[in-house]
Amino acid sequence: MAKFYDRLTTELQTFIEAQHIFFVASAPNDGRVNLSPKGMDALRVINESEIAYLDLTGSGNETAAHLLENGRVTIMLCSFTEKPLILRLYGQGEPIRPRDAAWQEYLSLFPAIAGTRQIVRVKVESVQTSCGFAVPFYEFSGDRQVLKEWAEKKGEEGVYEYWQKNNQQSIDGLPTGLLEPK
């Protein structure tokens, strides 16, 4: 049976900190729903009503575009180990970029990873748990290094060029705001 909370309890914060994967869902007012898996030690609990995640360079930048349009975001985590649990965090998100005043404060919470694009801060408005009884068992064997190695090989200038070409608008044509207008 689903339970709702208005904040992240200490138990739920501990659960979040133990996970190796989480999923981010967002949607524009009109267009495709986006759902992305995330890993690489990129999620942090800031307090009982705020989380943040390190957003790495990817093929698209859908979440940033959706957040600029309406701010809605859902984060889902689930247990793949002994105790089943699905945790959904509903809230309002905003991208934090190197040009923003809060950048250094939030960046200091994460490991340095080549290809870091932005940080997404989420003000958690509602928390839901559900059973997770049908989620299979999986064992974590390590993070993939492909994205990190790709970004290191490209270098900062190459990653920036990639952003210019591939991360300026969503697949539905919405601006992502990633790079400052020239």
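**A first tour**

Modeller: Start just after helix 2, where Gly-71 has a positive phi of about 75 degrees. Helices (H or I, at least four residues) and strands (E, at least two) are DSSP runs, numbered from the N terminus. Before we go on, this is a predicted model: local features need pLDDT of at least 70, side-chain atom pairs count only at pLDDT 80 or more, and totals for chains, interfaces and linings use all residues. Residues are numbered from 1 along each chain as its sequence is written, and side-chain values use heavy atoms, with hydrogens and water left out.

Colleague: OK, and helix 2, how many of its residues are buried?

Modeller: Six of the eight, so helix 2 (residues 62-69) is mostly covered. Buried means under 20% relative accessible area, exposed over 50%, and partly exposed in between (1.4 Å probe, protein chains only).

Colleague: Which ones are buried in helix 2?

Modeller: Glu-62, Thr-63, Ala-64, Ala-65, His-66 and Leu-67.

Colleague: What do they pack against?

Modeller: Strands. The buried residues of helix 2 pack against strand 2 (22-26), strand 3 (34-38), strand 5 (50-56), strand 6, strand 7 and strand 8. Contact means heavy atoms within 4.5 Å.

Colleague: Now helix 1. Which of its residues are buried?

Modeller: In helix 1 (residues 10-18), Leu-12, Gln-13, Phe-15 and Ile-16 are buried. Looking down the axis, these buried residues fall within an arc of 160 degrees, so they line one face of the helix. The arc is that of the directions from the helix axis to the C-beta atoms.

Colleague: What's on the other side of helix 1?

Modeller: Thr-10, Glu-11 and Glu-17, which are exposed. The buried residues pack against strand 1 (3-5), strand 4 (43-47), strand 6 (72-78), strand 7 (86-96) and strand 8 (116-130).

Colleague: Why does Thr-10 count as exposed?

Modeller: Because its relative accessibility is 61%.

Colleague: Let's jump to Thr-129. Where is it?

Modeller: In strand 8. Thr-129 is buried, because its relative accessibility is 8%.

Colleague: What is Thr-129 in contact with?

Modeller: Leaving aside neighbours within four places in sequence, Thr-129 contacts Met-1, Ala-2, Lys-3, Tyr-5, Leu-12, Leu-85, Ile-86 and Leu-87.

Colleague: New topic: the largest nonpolar core. Which residues touch the most other members?

Modeller: Ile-51, Ile-75, Leu-77 and Leu-89, out of 33 residues in that core. Helix 1, strand 2, strand 4, strand 5, strand 6, strand 7, helix 3 and strand 8 each supply at least two residues of it. There is also a second, separate core of six residues, including Ala-151, Val-159, Tyr-162 and Leu-179. A nonpolar core is a set of buried Ala, Val, Leu, Ile, Met, Phe, Trp, Tyr and Cys residues joined through side-chain atoms within 4.5 Å.

Colleague: And what does Ile-51 touch?

Modeller: Not counting residues up to four places away in sequence, its contacts are Leu-8, Leu-43, Arg-44, Val-45, Ile-46, Ile-75, Leu-89, Val-120, Arg-121, Val-122 and Val-124.

Colleague: Met-40, buried or exposed?

Modeller: Met-40 is buried, with a relative accessible area of 14%. Asp-41 is partly exposed, at 46%.

Colleague: Last one. Where does Ala-102 lie?

Modeller: In the loop between strand 7 and helix 3. Ala-102 is buried, with a relative accessible area of 17%. Not counting residues up to four places away in sequence, Ala-102 touches Ile-96 and Arg-121. The C-alpha atoms of Ala-102 and Ile-119 are separated by 9.8 Å, and these residues are 17 apart along the chain.
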